[in-house]
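Subject: Structure handover

Hello,

The structure is below, with the sequence. My notes on it follow; please read them alongside the coordinates.

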Amino acid sequence: MDILTAIHTRRSIREFLPKKVPRELLEKIIEAAGRAPSDENNQPWHFTIVEDENIKNKIAHISVEAGKKYFGAKKNDLLKKFSTMGRARCEEMVERFTSGSLFSFLGNAPVLIVISSKNDVFSHCSTGAAVQNLLLAAMEFDLATCWTVIGLTDPEGNDQIKNIVHIPNDRIIVSVLALGYPAQEPKPRGRKKISEIFTWI
């Protein structure tokens, strides 16, 4: 798959087939992630692969609880955001967010990748580039991903995830990424026109 096709067709997937991802593919994807640019070639990223069902379920539970806290306080904003969907669909979406159930899929993903970084602005930016490499590389092998950060919005939950997967306290989690073979094909979502996102000087 050429890179522009991957960029234009990538979707966030939350439903996966119950199919194991071969280790050799995971290693190729992580290698591609590690080719991202970084400040002074610092390569500040680390990728923790989680296949253990118990640990995945713990991370999912932490993410659900974080979602409740974060979106529970934003119910009115969500009602406005989803108001154009019709009453029933709007109420369904608000419930998914405020109950945290939107993030329960993490327990069903074949693989979770907890991506951590040194804790400074240069490292955060570099690791974000590595995550994008990973998302696109996964598509080469017909794998799908979903980048989540909800567990990081709650300091207690963030620390719990660190403890579960043995990430040192001086590092920061940038993403909890779900990965596997897709069981859904979401429609493309709207994007801003190119004229809205650039300035030519």
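Buried is used here for a relative accessible area under 20%, exposed for over 50%, and partly exposed for anything in between, with a 1.4 Å probe and protein chains only. This is a predicted model, in which local features need pLDDT of at least 70 and side-chain atom pairs count only at pLDDT 80 or more, while totals for chains, interfaces and linings use all residues. Residues are numbered from 1 along each chain as its sequence is written, and side-chain values use heavy atoms, with hydrogens and water left out.

Sheet

Helices (H or I, at least four residues) and strands (E, at least two) are DSSP runs, numbered from the N terminus. Two strands pair if DSSP finds at least two bridges between them. On that basis, 4 strands make an open sheet with antiparallel pairing, in the order β1-β2-β4-β3. The edges are β1 (45-50) and β3 (144-148); each has a single partner strand, so one side of each is left without a neighbour in the sheet. On average, neighbouring strands of this sheet are turned by 25 degrees against each other, direction ignored. For angles, axes are lines fitted to C-alpha atoms, for helices over the stretch in contact, and values run from 0 to 180 degrees between N-to-C directions.

The antiparallel strands β3 and β4 (residues 171-180) are joined by 5 bridges. Although β3 is an edge strand, 4 of its 5 residues are buried.

Nonpolar cores

A nonpolar core is a set of buried Ala, Val, Leu, Ile, Met, Phe, Trp, Tyr and Cys residues joined through side-chain atoms within 4.5 Å. The largest has 21 residues, of which Val21, Phe47, Ile113, Leu134 and Leu179 touch the most other members. At least two residues of this core come from each of α2, β1, β2, α6 (121-140) and β4. Helix α6 gives the most, with 6 residues. Leaving out residues up to four places away in sequence, phenylalanine 47 touches Ile30, Ala33, Ile113, Val114, Ile115, Ala130 and Leu134. There is also a second, separate core of 19 residues, which includes Phe105, Ala109, Leu112 and Cys146.

Aromatic rings

Rings of Phe, Tyr and Trp (its six-membered ring) pair if their centres lie within 6.5 Å; planes under 30 degrees apart count as stacked, over 60 as edge-to-face and the rest as tilted. The structure holds 5 such pairs. Phenylalanine 71 and phenylalanine 103 are stacked, at 6.3 Å centre to centre and 15 degrees between the planes. This pair links distant parts of the chain, 32 residues apart: phenylalanine 71 is in helix α3 (residues 53-72) and phenylalanine 103 in the loop between α5 (87-98) and β2. Phenylalanine 71 counts as buried because its relative accessibility is 13%. Phenylalanine 103 is buried too, with a relative accessible area of 8%.

Phenylalanine 82 and phenylalanine 97 form a tilted pair, 5.4 Å centre to centre with 40 degrees between the planes. They are 15 residues apart, with phenylalanine 82 in the loop between α4 (75-81) and α5, and phenylalanine 97 in helix α5. Both are buried. One aromatic cluster is formed by Tyr70, Phe71, Phe82, Phe97 and Phe103.

A charge sits over a ring if NZ of Lys or CZ of Arg is within 6 Å of the ring centre and within 35 degrees of the ring normal. Lysine 74 has its charged end over the ring of tyrosine 70, 4.9 Å from the centre. Lysine 19 lies over the face of tyrosine 181, at 4.3 Å from the ring centre.

Backbone

Most residues other than glycine have a negative phi. Glutamate 40, in the loop between α2 and β1, has a positive phi near 55 degrees, and is exposed at 76% relative accessibility. Aspartate 142, in the loop between α6 and β3, has a positive phi near 60 degrees; its relative accessible area is 58%, so aspartate 142 counts as exposed.

Regards

Terms used
Contact = heavy atoms within 4.5 Å.
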